[in-house]
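Visitor: I'm new to this one. Can you walk me through it?
Guide: Happy to. Here it is.

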Amino acid sequence: MISIWKRELRSALCSVTGFLYLAASLFFFGIYFYVLNLYQGSAHVNYAYASVVYLFSITTPILTMRSFAQEYRDKTDQLLFTAPVSLRSVVLGKYLACLTLFLIPALVAAAFPVILTGYGDVAIAEAYSTLLAYVLYGMAAIALGIFLSSLTNNVVIAAVTTAVVLFLVYTMGGFGELLGVPVIKQVLGAFHFQARFITMESGVISLRSVIYFLSVAAAFLVFTVIRLKAAGVRRGGNPKVRKKMAVWLLVTALITVGVNVGVTCLPDRMTEYDITMREFHFLTKETKNFLDTLEKDVKIYVYNKESSADVNQVKMLKNYAAYPHVSVEYVDPDVSPRFPLRYVATGVSVGSMIVTSGTAFRVVDFAGVYTYSDETMKDYGMQPDGFDLEGLLTSAIDFVTTDRIPKVYMLSGHGELLLAGKFLDALNRENVSLEEIQLVSTGSVPKDAECVLILSPSDDYSEEETKALGDYLDRGGHIYILLQWTKEPQKNLHAFLEKYGISVQYGVVSEENADVYFQEPYYLIPEIRKTKVTDGLEGNLALSAMTVGLRTSMQDAESILKTSDQAFLKKDPQESKTPEKEEGDETGEYSLGIFREWTVDLTPADMKEGQGKVTRQAQLTVFGSPYMTQDAIDEYISGMNRKMFVSIMSHMVSRPALTSVPVKSYSVQYVAVPLSDATFFGVVLSGVIPGVLLITGLLVWVLRRRR
């Protein structure tokens, strides 16, 4: 068998066929990876792998068409079959040679998720379960192709027949759905390769699919051996041998069907293994740090029997209970049905938790522990996409043990954006009270304000309003501002920022340096710089889109985000014909986000009676992009904009510890790859490597022709 394998492999690599297959496979792998993952930013490499499957009907015939058809055509079959190796070894040797060539592109493609992890969180489990399904699908397809090659002495017919049959098994399920007859649908479904592949696309290792592909591959290899023996290759076409082979053919088919039917009858828990289920019960470092500093005792009542509780809930609660100030008690609803009424008049659902410390309490409803991107998924019994128990519990413990709830005011009345989605949820988890106000009505910022949020006003503020903001800063206030480009400059707001050392450059910042933008020059992905408010986040990428340029000359100001020195300013992006640099665009380095902190002396009016000199730290954070608190943008960088927002707000409202723990997601969505990196990998994977292989194959073919 080994000698046949070496012979076939050498034959494939000494002709253009083997190199053509490698080049074609790597080209398609590379082009889909580039478009779907590198350029469009999808974190799911399994989409690229799945997109290549339909090409089996094109690439597999290249591998298998010569297996036996060319042996018949060149009259070398008798030499092969009279060699001192069994017929079974001949078939296996040819199969393993084809499989070796098939696995080379798959091994290269296995590096794709690793490449993508450099730019954010990647759906690793889904990627490799899909790649495994791809390999299994290929094993079955190659065995089928070898069998079809053994039926003819015409290489072209072998290739066309293989292509047609592989196309049919790819689309067989669709034919069944189209006909609508249950029996026919079930019969055609038994030949539907794609249905088995799809079950493993989402990170589930299906024993049914694995056995299906392996059994089909084994069956067609046995069919090939039977066909060759029945044709009288070694026994002169003896009719008795042919009848015996027909029996073996039937037995092999029945065994294959029986094995697959038997596996289908097994329960799902024995045949499906979800490898995306991470160990969600482990606590994050944020929660661990918070619990380490906890000084008050906390009791968590679980309204359920421990034996009936959710397994992830039980495991995570044990981790909380490992800390000295936290204890957990399960309350049996059958024994104490009125227990929740001590805290809430309407009671709570089974599985919910009541977190208490002293007289303070908060109810954590079990209905919110598992999250769904679309609530209708829950109604239809679909799997959740997130686990939120840690975030809810840590926030609840912080709430019942804190002595102070910071108050943040969000300005409205000038077309400002609202804080919503995951950013609002993150602020709520910090146990921050958020209230909306209009300075036109209030005349000043309330004295209990820990921070003021100004999110991308489209209309300018009045002089009275900016004066109110200035008065707030002058008594040690904290302001977080997002700006946006407007057709007419917002003179009063910009003058207010200029007073505090931040100059707004009129125009939208773009980049010539493809290393620091994503897809388009105005989708900037700078590194987060180390500052007082971003400690621990430095070096990660943020995404700043349609950003107004900022500059500062203040010594106490820190740039959170900066462009490269190849950045340029589009004065009027609406009138510009291209996002690329044009004549007249100002080039230079710009800040995209600035944090400034300085000391102010309180006036007697702001101090309590009898106080001496009192100082406070005023803080001002300004970002030039209106999208810094938008979920749609944040998803492309695995939530890093949100982490940066929480870090800054935590500092500005003087939180002693970071308690905002995001939902632990079962899947990730996007990554942001700089255009230069995307182009580099795209060119190498879909151009350079396939091109080199194709040229090598042509050179080998030309040199052999000249001999």
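Guide: First, a term. A nonpolar patch joins nonpolar side chains within 5 Å, from residues with over 30% relative accessible area and no salt bridge. Also keep in mind that this is a predicted model.

Visitor: Okay. Which residues form a nonpolar patch on the surface?
Guide: The patch is made of V156, V160, V164, F167 and L168. Together they have about 440 Å² of accessible area.

Visitor: Where does L168 lie?
Guide: L168 is in helix 10, which covers residues 155-179.

Visitor: And how does L168 count for accessibility?
Guide: L168 counts as partly exposed, because its relative accessibility is 33%.

Visitor: Which helix gives the most?
Guide: Helix 13 does, with 7 residues in the lining of the second largest pocket.

Visitor: How do the lining residues divide into nonpolar, polar and charged?
Guide: In the lining of the second largest pocket, 15 are nonpolar, 8 are polar and 2 are charged.

Visitor: New topic. How many salt bridges does the structure hold?
Guide: There are 21 salt bridges. One of them pairs the side chains of K299 and E329, at 2.9 Å from N to O.

Visitor: What does the K299 and E329 pair tie together?
Guide: K299 lies in strand 3 (residues 298-302) and E329 in strand 4 (residues 326-330), so the pair ties together parts that are 30 residues apart in sequence. Both ends are partly exposed: K299 has 23% relative accessibility, and E329 has 33%.

Visitor: Which residue forms a salt bridge with D448?
Guide: K407 does, and the closest N and O atoms are 4.0 Å apart. The pair links distant parts of the chain, 41 residues apart. D448 is in the loop between helix 21 (439-442) and strand 11 (451-455), while K407 is in strand 9 (residues 407-411).

Visitor: How do D448 and K407 count for accessibility?
Guide: D448 is partly exposed, at 42% relative accessibility. K407 is partly exposed too, at 24%.

Visitor: What about D572 and K487? How do their side chains meet?
Guide: They meet in a salt bridge, 2.7 Å from N to O. D572 lies in the loop between strand 18 (567-570) and strand 19 (586-587), and K487 in the loop between strand 12 and helix 23 (491-499), so the pair ties together parts that are 85 residues apart in sequence. D572 is partly exposed at 24% relative accessibility. K487 is partly exposed at 40%.

Visitor: Which residues do salt bridges with shared partners join into one network?
Guide: R7, E8 and K94 are joined that way.

Visitor: Last one. Where is G477 found, and is it buried or exposed?
Guide: G477 is in the loop between helix 22 (463-474) and strand 12 (478-482). G477 is buried, because its relative accessible area is 4%, and buried means under 20%.

Visitor: How far apart are G477 and V445 in space?
Guide: They are 9.3 Å apart, C-alpha to C-alpha. In sequence, G477 and V445 are 32 residues apart.

Definitions and conventions: Residues numbered from 1 in each chain as written. Predicted model: local features only at pLDDT ≥ 70, side-chain atom pairs only at ≥ 80, totals over all residues. Heavy atoms only, no water. Patch = residues over 30% accessible without salt bridge, like charges linked within 9 Å, V, L, I, M, F, W, Y side chains within 5 Å. Areas by Shrake-Rupley, 256 points an atom, 1.4 Å probe, with all protein chains shown as cover. Helix = DSSP H or I, 4+ residues; strand = E, 2+ residues; numbered from the N terminus. Buried < 20%, exposed > 50% of the residue type's maximum accessible area, 1.4 Å probe, protein only. Nonpolar A, V, L, I, M, F, W, Y, C, P; charged D, E, K, R; others polar.
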